Each structure stands twice: as C-alpha cells, then as structure tokens.
Amino acid sequence: MPVSRIAIGNPAEFGQPDALKAALAEFISVLIFVFAGEGSGMAFNKLTNDASTTPAGLIAAALAHAFALFVAVSIAANISGGHVNPAVTFGLFIGGNISLIRSILYWIAQLLGAVIACLLLKFATGGLETSAFSLSSGVSVWNAVVLEIVITFGLVYTVYATAVDPKKGNIGIIAPIAIGFIVGANILVAGAFDGASMNPAVSFGPAVVCWTWDNHWVYWLGPFVGAAIAALIYDLIYITPATHEQLPTTDY
C-alpha cells in the first residue's frame, strides 16, 4: 500500500543544495502561475469596472490558468517535479513519492510564491485588490468542499496518470499540457460556484494580501482530501509495488 511507503525524510534535507534548488523552482513556478492567473482576473475586473462575472470572464480565467500552469509545470519539471500546488505535493507524499521533509520545503516555497505574486500584482496595478476566493450565493461550505474534492481529484489523478505512472511511456511528454487542460476544464465547471481553487497556494496568496479569511479552510480541506483519494486509488489499482519501487522518491 502507498501509505506504507510514506517517508518522513531526514531533517538534513532542509539544508541540502538540491532540495533548496527544488524549493526555489517551486517558488518561481507558483509565482509565475499565480501572477498570471490572479492577474487575469484583476485585468478583467478593470476592463469591466468590477462588473459581475460573465461567461466570457470565466472562459478567460480558465484559459489564463491553463496556459500559465502548462508553463509553470514545464519549467520546474526537471528540477522539482513541477508540483506548483501544495495539494499535488500532498498527493505525491501520500503515494510515497516525496518525503515529508521535502514536502514541507515545497509547501513553504509554494505559499511564499503565491503571496509574493499577489503583492507584486497589487503594487504593479496601482493598488488594485487581489480578491480572495469566496463562495457564490446559494453555495454552502460543504457544497464547496465537495466541489474542491472532486475537481482536485481530477487534477491529481491526471498528474499520476501522465507524470507518475512508470508505464506512462510517451504520454509523459504531454503531462504539463494535460495538467493545464484539466485545471482549465475544472474552472469552467466550478469557477462560478466557489472559484475552483484546487490549489491552497492560489487561495492563500490573495487571502494574505487582502486579509480576508472567510471560509478559507474550504480551500485546504477539499484539495487535500481530493488529492489523497486520487493518490490512493491510482497507486493501489494501477501502480504495482514492484514498479513503484523504481520511481524517484523526491519528485515526479
């Protein structure tokens, strides 16, 4: 079982050059991703004078996030694995693909990247608000939790199928595209209801900068649960213990 392969790691990893370089790669990729994703929303609000979200705005958000994530995963893939998401890191930890120590390094880097991206956006746009994620009218917190579980499940399942599975073959070449596509598609599904985070860092950055924490826990619980379910199902059903032992233990 993947749980039996969960590794704590060595505290010395906190000071190892390769681990720090990997964390820096995660920081840069998340910064690029959040700057483009959050920035596209801010640009739309400026162009529409903060009008209500329209179908065109939802499509624009989906495209911006899909394109930016494709790039963010690609540029970090050979260094850190290109997680770009604390929930993805958690899913890989549950599957025994990364140690807890390195996961913590990644989480710190990912959250810092998101915060710095939002601070840069606020400064570069002359003080425009970086809006925190929120629930739409009529959507309860548990509606949102289920949405986040399902859409993050789809994301992490895609990561496992295209990037982690040792039988992936040539499909691994298009992993960043597939990962970007599933995020864009999920935004089209859930964006109108809870913002479609799938990524605690993406929710954390704006929340820190505008200091708004209403229902913020939803954007941690849902993605982490969805990631864990995807990791367990894919690993238990499709990745055999014999082949899994050949995988790197630090990234995907």
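Angles under 35 degrees count as roughly parallel, over 145 as roughly antiparallel, 65 to 115 as roughly perpendicular and the rest as oblique. These legends describe a predicted model, in which local features need pLDDT of at least 70 and side-chain atom pairs count only at pLDDT 80 or more, while totals for chains, interfaces and linings use all residues. Residues are numbered from 1 along each chain as its sequence is written, and side-chain values use heavy atoms, with hydrogens and water left out.

**View 1. Helices α3 and α5 cross at an angle of about 60°.** Helices here are DSSP runs of H or I with at least four residues, and strands are runs of E with at least two, numbered from the N terminus. Helix α3 covers residues 86-94 and helix α5 residues 141-164, and their axes lie 10 Å apart. An axis is a line fitted to C-alpha atoms, for helices over the stretch in contact, and angles run from 0 to 180 degrees between N-to-C directions. The two helices are therefore oblique to each other. Look next at the handedness: α3 passes α5 in a right-handed crossing, the term for a near helix turned clockwise from the far one by less than a right angle, with anticlockwise giving left-handed. From α3, the residues A87, V88, G91 and L92 meet T152, L155, V156, V159, Y160 and V164 of α5, where contact means heavy atoms within 4.5 Å. By type, the residues of this contact are eight nonpolar, two polar and no charged. In that count Ala, Val, Leu, Ile, Met, Phe, Trp, Tyr, Cys and Pro are nonpolar, Asp, Glu, Lys and Arg are charged, and the others, Gly among them, are polar.

**View 2. Helices α2 and α6 pack roughly antiparallel.** The axes of α2 and of helix α6 (residues 175-194) come within 8 Å and cross at roughly 155°. This crossing, of α2 past α6, is right-handed. On the α2 side you will find L58, I59, A61, A62, H65, A66, L69, F70, V73 and S74, and on the α6 side P176, I177, I179, G180, V183, G184, I187, L188, G191 and A192. Sorted by type, the contact has 15 nonpolar residues, five polar and no charged.

View 3. A56 sits in helix α2, which spans residues 55-76. A56 and F44 are twelve residues apart in sequence, with their C-alpha atoms 9.5 Å apart in space.

**View 4. T130 is buried in a loop.** This loop runs between α4 (100-124) and α5. T130 has a relative accessibility of 1%. Beyond its neighbours within four places in sequence, T130 contacts E38, M42, C118, L121, K122, P206, V209 and C210.

**View 5. C118 and C210 form no disulfide.** A disulfide is a pair of cysteine sulfur atoms within 2.5 Å, and by this rule the count is zero. The sulfur of C118 has that of C210 as its closest cysteine sulfur, at 8.4 Å, too far for a bond. C118 is buried, with a relative accessible area of 0%, whereas C210 is partly exposed at 21%.

**View 6. Helix α7 is mostly covered.** Eight of the eleven residues in α7 (residues 200-210) are buried, namely P200, A201, V202, S203, G205, P206, A207 and V209. Their cover includes α1 (17-47), α3, α4 and α8 (218-238).

Methods: Buried means under 20% relative accessible area, exposed over 50%, partly exposed in between (1.4 Å probe, protein chains only).
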